[in-house]
Amino acid sequence: MDRMFFYAHSGLRYLVLLAGVLAIGYFAFGLATKRPFDKGGRILGASFAGLLHLQVLLGILVLVTRFYYPALIGHIVMMVLAAVVAQVSMSVNRRRPQPNFALPLAGVGVTLLLIIGGIMAIGRGVFTTTAM
Ligand code: HEM
């Protein structure tokens, strides 16, 4: 069971990163061409934040089914912050009278940096998988 959660958590990171990169590209294009924030932007932002939340949930399951060591604190703090930044930037933008691409772009950018930092905090590479 612990292996299942660990591998699911390890693998889902690629989907989270892919969703983040797609969102960055779409938001940057929208900002550069001065288009109004649209349904595509909402869907990409919500997919990124949703996958990140699922990853946090899986991370908690890994945490309770495997051993704990102090360096995990850095991983957990940065990942919780990442999920908060992603969600808040999307939600605040949606509630604006005129939502735009700037806030979601900055939000996803900061979130991706936090995710990279969080993975490195436990001595792993962004694209490396640990065999168990
Ligand atoms: C609060 C949220 C999270 C918790 C509690 C958590 C917890 C954990 C735990 C316990 C491990 C196992 C460490 C080990 O066995 O040495 C782990 C590994 C890992 N986590 Fe998280 N995690 C969280 C969020 C995230 C997020 C958001 C991402 C990426 C989007 C992520 C990516 C990874 C990666 C890449 C590994 C290493 C996998 C490997 O070595 O194959 N985690 N996490």
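Colleague: Which residues is Arg13 in contact with, leaving aside its neighbours within four places in sequence?
Modeller: In this predicted model, Arg13 is in contact with Gln55, Ile119, Gly125, Val126, Phe127, Thr128 and Thr129.

Colleague: Where is Arg13 found?
Modeller: Arg13 is found in helix α1.

Colleague: Is Arg13 buried or exposed?
Modeller: Arg13 counts as buried because its relative accessibility is 10%, and buried means under 20%.

Colleague: Which backbone oxygen does the side chain of Arg13 reach at 2.9 Å?
Modeller: That is the backbone oxygen of Thr128. The backbone oxygen of Gly125 also lies 3.5 Å from a polar atom of the Arg13 side chain.

Colleague: Back to Gln55. Which helix does Gln55 lie in?
Modeller: Gln55 lies in helix α2. Its relative accessibility is 11%, so Gln55 counts as buried.

Colleague: What does Gln55 touch, apart from neighbours within four places in sequence?
Modeller: Gln55 is in contact with His9, Leu12, Arg13 and Val16.

Colleague: Now the ligand. Where does the ligand sit?
Modeller: The ligand sits in the largest pocket.

Colleague: Which residues come nearest to the ligand?
Modeller: There are 25 residues around the ligand, and of these His9, Arg66, Tyr69, His75 and Thr130 come nearest.

Colleague: How many Å is it from a ligand nitrogen to the side chain of His9?
Modeller: A nitrogen atom of the ligand is 2.7 Å from an N or O atom in the His9 side chain.

Colleague: And what about the ligand's oxygen atoms, at Arg66 and Thr130?
Modeller: For Arg66, an N or O atom of the side chain is 2.5 Å from an oxygen atom of the ligand. For Thr130, a polar side-chain atom lies 2.5 Å from an oxygen atom of the ligand.

Colleague: Which helix gives the most to the shell around the ligand?
Modeller: Helix α2 does, with 7 residues. At least two residues of the shell come from each of α1, α2, α3 and α4.

Colleague: Next, the largest nonpolar core. How many residues are in it, and which touch the most other members?
Modeller: The core has 26 residues, and Val16, Phe27, Phe48, Leu52, Val108, Leu112 and Ile115 touch the most other members. Two or more core residues come from each of these elements: α1 (2-32), α2 (39-65), α3 (72-95) and α4 (102-120). Helix α1 gives the most, with 8 residues.

Colleague: Take Leu112. What does Leu112 touch, not counting residues up to four places away in sequence?
Modeller: Leu112 touches Leu17, Gly20, Val21, Ile24 and Phe48.

Colleague: Change of topic. What is phi of Lys34 near?
Modeller: Phi of Lys34 is near 55°, which is positive, and Lys34 is not a glycine. Most residues other than glycine have a negative phi.

Colleague: Where does Lys34 lie, and is Lys34 buried or exposed?
Modeller: Lys34 lies in the loop between α1 and α2. Lys34 is exposed because its relative accessible area is 75%, and exposed means over 50%.

Colleague: And Ala32, buried or exposed?
Modeller: Ala32 has a relative accessible area of 62%, so Ala32 is exposed. Ala32 is placed in helix α1.

Colleague: What separates the C-alpha atoms of Ala32 and Ala102?
Modeller: The two C-alpha atoms are separated by 9.7 Å, and Ala32 and Ala102 are 70 residues apart along the chain.

Key: Residues are numbered from 1 along each chain as its sequence is written. This is a predicted model: local features need pLDDT of at least 70, side-chain atom pairs count only at pLDDT 80 or more; totals for chains, interfaces and linings use all residues. Side-chain values use heavy atoms; hydrogens and water are left out. A nonpolar core is a set of buried Ala, Val, Leu, Ile, Met, Phe, Trp, Tyr and Cys residues joined through side-chain atoms within 4.5 Å. Buried means under 20% relative accessible area, exposed over 50%, partly exposed in between (1.4 Å probe, protein chains only). Helices (H or I, at least four residues) and strands (E, at least two) are DSSP runs, numbered from the N terminus. Contact means heavy atoms within 4.5 Å. A residue is near a molecule or strand if one of its heavy atoms lies within 4 Å of it. A polar contact is a pair of N or O atoms within 3.5 Å; within protein, one must be able to donate a hydrogen and the other to accept it, and residues adjacent in sequence count only if both atoms are side-chain atoms. On a 1 Å grid over the protein atoms alone, a cavity is a set of points where a 1.4 Å probe fits but cannot get out, and a pocket is an open set with protein on both sides within 12 Å along at least five of seven lines; lining residues have an atom within 4 Å of a point. A molecule sits in a cavity or pocket if more than half of its atoms lie within 2 Å of its grid points.
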